[in-house]
Structures are given as structure tokens and as C-alpha cells.
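Take a walk through this chain from its overall fold down to single residues. Keep the model in view as you read.

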Amino acid sequence: YKYGRAVFRINLREAALLALIGLGGGVLGGVFFNQSTQAIGIGFPTLIVMAQPAAVVILAYLFLRERMDSAFFPLSFWVILNALLIAYPLLEQGVDPQLSETFFSGIVWAVSAALMWAVATVSGKAVLRTVPPLIAVFWRWAAAVVGLGVARVFSAKGSLPPFEVVFASAW
């Protein structure tokens, strides 16, 4: 095996970034998106999550010191326009009147999902500067599996009510 013991030679910063990718992008982002769709349907959460690439560019600018190209704003407009076109059939359905009281929480869940996935994407780019891709993938999935297992245990005990709905169909 090419990497051998190198799989276990990651520093604390790399471990934190890999855990953030696995737990944040692999577990929490999906849970948050699921909660948003249950709160307000699929249309608005889909539209919000489609704007996630703009958040990635902004976070990369802030934390990785990447420069924004002059085409960023026109391309962002184009991405949002395309997201609207793709999500329009879903938005046309509107929000179920029975779900209207949970609209704000649904939007918060969707924004949280988009931000979690954006943070995981930027963390991935940061960690791949020093960690080989195969090792990063191994730890990303290890963190996600452990995170899902922990969430499953606490959900079964009733400590995490939001996860009960997620795992009812997944397990």
C-alpha cells in the first residue's frame, strides 16, 4: 500500500479540517437540508443550496486568501439566475399552508446546510495542500461514518430529536 503509516501522520490542523469535512459536509449538511425540506418543502431549500458556490468563493477569499476574479459578480448573477430557472417548478408549488408556520426555521436549516457544505468545500481545498487526496478521502469518510453512528445512537435515545426523522427512513 502506497501510503502505509502515512494515513495516521496528520497534524491537529489537518485532523480538524478533515473532521469538519466529514462531520460538517458529510453529516450535518445533509441533516440540515433534510430538516429544511421537511419544514417548508423542497423548492426554497433547493434554491438556497444552489447559491452555495457563491459562499464557497467568498469563504475562499476570506480564509484561503484567494483573489476574486472580476468575472465573479456577473457569473454569480448567472448562477443565481440558473438556480431560479431550475428551481422554478419547485417554487411554483409554493409552501404548503400547513408548513407556513415553520417557514423561517426551514430557511434557517437550508442556509445552515448551504454554509456547512461551503465550509466543507473550502476546508477540503485547504487540507489538500498538505494531505494526499487518498488519505483525505479516507479520513473524510471515517469522520462521516463515526458522526452518523454517534447521531444514530443519540437519536435512538431521544437526545437529538431532529435526527429521528432523518434516521427513521435511512435505517
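Burial is judged by relative accessible area: buried means under 20%, exposed over 50%, and partly exposed in between, with a 1.4 Å probe and protein chains only. Residue areas come from the Shrake-Rupley method with that 1.4 Å probe, and only the protein chains shown count as cover.

This is a predicted model, in which local features need pLDDT of at least 70 and side-chain atom pairs count only at pLDDT 80 or more, while totals for chains, interfaces and linings use all residues. Residues are numbered from 1 along each chain as its sequence is written, and side-chain values use heavy atoms, with hydrogens and water left out.

Start with the whole chain. The protein chain has 7 helices and 0 strands. Its pattern along the sequence reads α-α-α-α-α-α-α. Helices here are DSSP runs of H or I with at least four residues, strands are E runs of at least two, and both are numbered from the N terminus. The chain has 171 residues, and 35% of them count as buried. Its accessible surface is about 10,500 Å². Carbon and sulfur atoms hold 70% of that surface.

Contact means heavy atoms within 4.5 Å. Take the contacts in the chain with a separation of 6 or more: residues 24 or more positions apart account for 81% of them.

Now turn to helix packing. Two packed helices are described by the angle between their axes and the distance between the axes. Axes are lines fitted to C-alpha atoms, for helices over the stretch in contact, and angles run from 0 to 180 degrees between N-to-C directions. Angles under 35 degrees count as roughly parallel, over 145 as roughly antiparallel, 65 to 115 as roughly perpendicular and the rest as oblique.

Helix 1 covers residues 12-40, and helix 5 covers residues 103-127. Their axes come within 7 Å and cross at roughly 155°. The two helices are therefore roughly antiparallel. Their contact involves 20 nonpolar, 11 polar and 2 charged residues. In these classes, Ala, Val, Leu, Ile, Met, Phe, Trp, Tyr, Cys and Pro are nonpolar, Asp, Glu, Lys and Arg are charged, and the others, Gly among them, are polar. Helix 1 passes helix 5 in a left-handed crossing. A crossing is left-handed if the near helix is turned anticlockwise from the far one by less than a right angle, and right-handed if clockwise.

Gly-25 lies in helix 1 and is buried, because its relative accessibility is 15%. Leaving aside neighbours within four places in sequence, Gly-25 touches Leu-20, Met-116, Trp-117, Ala-120 and Arg-140. Its C-alpha is 9.7 Å from that of Ser-123, a residue 98 positions away in sequence. Gln-38 is also placed in helix 1. At 36% relative accessibility, Gln-38 is partly exposed. Phe-104 belongs to helix 5. Its relative accessible area is 66%, so Phe-104 is exposed. From Phe-104 to Ala-39, 65 residues apart along the chain, the C-alpha separation is 8.8 Å.

Helix 5 has another partner. Helix 2 (residues 43-50) and helix 5 have axes that come within 9 Å and cross at roughly 30°. That makes the pair roughly parallel. This crossing is right-handed. Helix 2 contributes Phe-44, Pro-45, Ile-48 and Val-49 to the contact, and helix 5 contributes Phe-103, Ile-107, Ala-110, Val-111, Ala-114 and Trp-117. By class, the contact has 10 nonpolar, no polar and no charged residues.

End in a loop. Most residues other than glycine have a negative phi. Arg-65 is not a glycine, yet its phi is positive, at about 60°. Arg-65 sits in the loop between helix 3 (52-63) and helix 4 (72-92). With a relative accessible area of 71%, Arg-65 is exposed.
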